[in-house]
Amino acid sequence: MLGSHVGLGGKEQFEGSVKEALSYGAETFMVYTGAPQNTRRKDLSEMRIPEATALMKENGIREFVVHAPYIVNLGNTVKPEAFDFAVEFLREELRRTAAMGSRTMVLHPGAHVGEGEDAGIMQIIKGINLIFDADTEAHIALETMAGKGSELGTSFEQMARIYDGVKYNDKLRLCLDTCHLNDAGYPVKDDFEGVLESLTRYFPLNQVACIHLNDSKNEQGAGKDRHENIGFGTIGFERLHAITKMPEFLDTPIILETPYVPKDGEKERAYSPYRREIEMLRSGVFDPDLLAKVRMDAEQE
């Protein structure tokens with residue numbers, strides 16, 4: 001299932017998110033329940049959830065993914081108040097995810113902020129154990145990370161350590177990000193099959209609840225996390241297209257988080273590439289003029 005990140009806001013709220021996904025020809029989508037840079041959230045009653053649900057049903061969208069804001073950090077052992085806030089917020093965010101009709105909330109595992117891998121992983125485990133209980137409805141999908149700063153979740157081994165420490169780990173899943181895997185050192189371009197083989201030493205493939213399909217501006221192992229448009233980075237179109245056709249992932253939400261295309265000479269204006277990128281991936285033919293066409297589309301609207 002191909003889709004992209006979409007926005008949420010304005011009068012239409014979640015219904016507007018679904019409309020945006022449909023405008024890209026998407027079969028699925030990913031949404032934040034509010035701005036990713038903060039934790040302010042509207043009441044569920046204001047989000048037009050019934051209208052969004054009806055629109056999804058009408059258009060055959062069976063599944064979507066929620067992404068937790070990236071400013072919360074379960075790995076923080078330095079500031080107890082930040083950790084406590086992250087636990088409380090994420091517990092509520094999981095409830096919102098289920099209330100919106102999704103079964104998956106993607107989460108950056110956390111960062112150890114200088115205290116070391118072991119301390120950070122133990123804190124993440126502690127946090128998830130405080131979030132989950134026997135009645136938790138939605139899953140947390142831990143996202144593979146690129147390794148910038150003190151990020152954790154940069155290897156399958158680290159993910160397995162988290163899984164092993166969580167009491168209700170039947171409620172955990174994985175989100176594979178192709179740019180992050182590349183930047184963390186995995187050979188996504190040259191041997192993605194080998195990457196999956198490495199993964200299955202720790203997890204069955206049915207633990208992959210979501211894939212973030214992004215090219216990378218960086219060489220393998222750079223540890224920088226800079227997404228690039230499909231086919232314009234170091235992973236390349238051929239490999240990314242092949243991932244969308246893998247039988248193992250045909251029913252898995254595959255989400256584009258590629259950069260918006262800036263208007264020539266105007267950095268403050270940028271256009272969504274998702275409709276064009278989804279079309280290109282479906283066709284199986286790389287379009288070197290894609291970015292120019294995105295600009296042209298926007299200027300004709």
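How many bridges join strand S6 to strand S8? Four bridges link S6 (residues 139–143) and S8 (residues 172–177), and the two run parallel.

1. The model is predicted: local features need pLDDT of at least 70 and side-chain atom pairs pLDDT 80 or more, while totals for chains, interfaces and linings use all residues. Numbering starts from 1 along each chain as its sequence is written, and side-chain values use heavy atoms, without hydrogens and water.

2. Eight strands, in the order S1-S2-S3-S4-S6-S8-S9-S12, close into a barrel with parallel pairing. Strands (E, at least two residues) and helices (H or I, at least four) are DSSP runs numbered from the N terminus; two strands pair if DSSP finds at least two bridges between them. Within S8, Arg173 is the bridge partner of Ala141.

3. Helix H3 (residues 80–100) packs on the sheet and touches S2 (28–31), S3 (65–67), S4 (104–107) and S6; contact means heavy atoms within 4.5 Å. The direction of H3 makes about 145° with that of S4. Axes are lines fitted to C-alpha atoms, for helices over the stretch in contact, with angles from 0 to 180 degrees between N-to-C directions.

4. There are 21 salt bridges in the structure, each a side-chain nitrogen of Lys or Arg within 4 Å of a carboxyl oxygen of Asp or Glu. One of them pairs Glu15 with Arg48, with the closest N and O atoms 2.7 Å apart. This pair links distant parts of the chain, 33 residues apart: Glu15 belongs to helix H1 (residues 13–23), and Arg48 to the loop between S2 and helix H2 (49–58).
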